[in-house]
Each structure stands twice: as C-alpha cells, then as structure tokens.
Amino acid sequence: MNSPASPMKTNRPVTPRQEQQHERTLCTAILALRSVEECRSFFRDLCTPAELQAMADRWAVVELLERGLPYREIHSQTGVSVTTIGRVARYLTSGNGGYRAVTERLKLNA
C-alpha cells in the first residue's frame, strides 16, 4: 500500500510527475492552516459535501478501531459499510502511515 496512488481520472493531460507536484502543493496548503476553523473552511471550499462526509466518516472509523470496537458495532454507530471499515483498518495497520502518525500525535496531546 505504500505505492504511489494510481490516477483516478483517465484522459488527463497531466503527467505522473505533475500529479505528484499537485498533491505535494495541496499538502503544503493544508500545513499552512492554523486553526480548526481555517481547516474546516478550506475543506468545505475544496470538497463536495459527499467527499467531506466520506473523509469524516473514515476518521470516525479510525477512532473507533483504535478503541477496539468490532466492525459490526462500528457499522451500527456510523453507518459506514463493513467493507470500508475493513479498508480503513488495513490502511491503519499497513498503509502509508498517515493514520498512525495522526493517532499517535493526538494521543500525545490528549
């Protein structure tokens, strides 16, 4: 899972290198945000309501997985499909390390 993301759109006049640069620029923009309110405003401008809800749902799943809840209980609490819960769990344990980095930092700051 540590491989670069495959392009989601076809027939785009963007090279893989340009796509990586766009992703890096987006990450830099996110790092420039200084508050929860700025972050919320940025993501509400950037994402559709459905995209934002999908990300929020996945983060809720991460938190519940960290608490040790079973998939079915997480599904009952969130409405997220068991398939998506499994995918989040897989990335939590053997993904790119993003979920783990944030959960560890939040534990340190709690």
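Tutor: Let's start with a definition: a residue is buried under 20% relative accessible area, exposed over 50%, and partly exposed in between, using a 1.4 Å probe and protein chains only. W59 is partly exposed, since its relative accessible area is 25%. This is a predicted model, where local features need pLDDT of at least 70, side-chain atom pairs count only at pLDDT 80 or more, and totals for chains, interfaces and linings use all residues. Residues are numbered from 1 along each chain as its sequence is written, and side-chain values use heavy atoms, with hydrogens and water left out.

Student: How many helices and strands are there in the protein?

Tutor: Helices (H or I, at least four residues) and strands (E, at least two) are DSSP runs, numbered from the N terminus. Here the protein has six helices and zero strands, so its elements read α-α-α-α-α-α from the N terminus on.

Student: What share of the residues counts as buried?

Tutor: In this protein of 110 residues, 15% count as buried.

Student: Let's look at one residue. Where is V88, and is V88 buried or exposed?

Tutor: V88 sits in helix α5 (residues 82-94), and with 3% relative accessibility V88 counts as buried.

Student: Which residues is V88 in contact with?

Tutor: Contact means heavy atoms within 4.5 Å. Leaving aside neighbours within four places in sequence, V88 is in contact with R58, V61, V62, L65 and Y99. Take V62: it lies 26 residues from V88 in sequence, yet their C-alpha atoms are 6.9 Å apart in space.

Student: What about T103?

Tutor: T103 belongs to helix α6 and counts as buried, at 7% relative accessibility. Not counting residues up to four places away in sequence, T103 touches W59, V62 and E66.

Student: How many aromatic pairs does a search of the whole structure find?

Tutor: A pair of aromatic rings is described by the distance of the centres and the angle of the planes. Rings of Phe, Tyr and Trp (its six-membered ring) pair if their centres lie within 6.5 Å; planes under 30 degrees apart count as stacked, over 60 as edge-to-face and the rest as tilted. The search finds two aromatic pairs. F42 and F43 have ring centres 5.6 Å apart and planes at 85 degrees, so this pair is edge-to-face. F42 is partly exposed at 24% relative accessibility, whereas F43 is buried at 18%. W59 and Y99 form a tilted pair, with 6.3 Å centre to centre and 40 degrees between the planes. Because W59 lies in helix α3 (residues 49-66) and Y99 in helix α6 (residues 98-109), the pair ties together parts that are 40 residues apart in sequence. Y99 is partly exposed, with a relative accessible area of 23%.

Student: At roughly what angle do the axes of α4 and α5 cross?

Tutor: Axes are lines fitted to C-alpha atoms, for helices over the stretch in contact, and angles run from 0 to 180 degrees between N-to-C directions. The axes of helix α4 (residues 71-78) and α5 cross at roughly 115 degrees and come within 9 Å.

Student: Which residues make the contact?

Tutor: Helix α4 contributes Y71, R72, I74 and H75, and helix α5 contributes V82, I85, G86 and A89.
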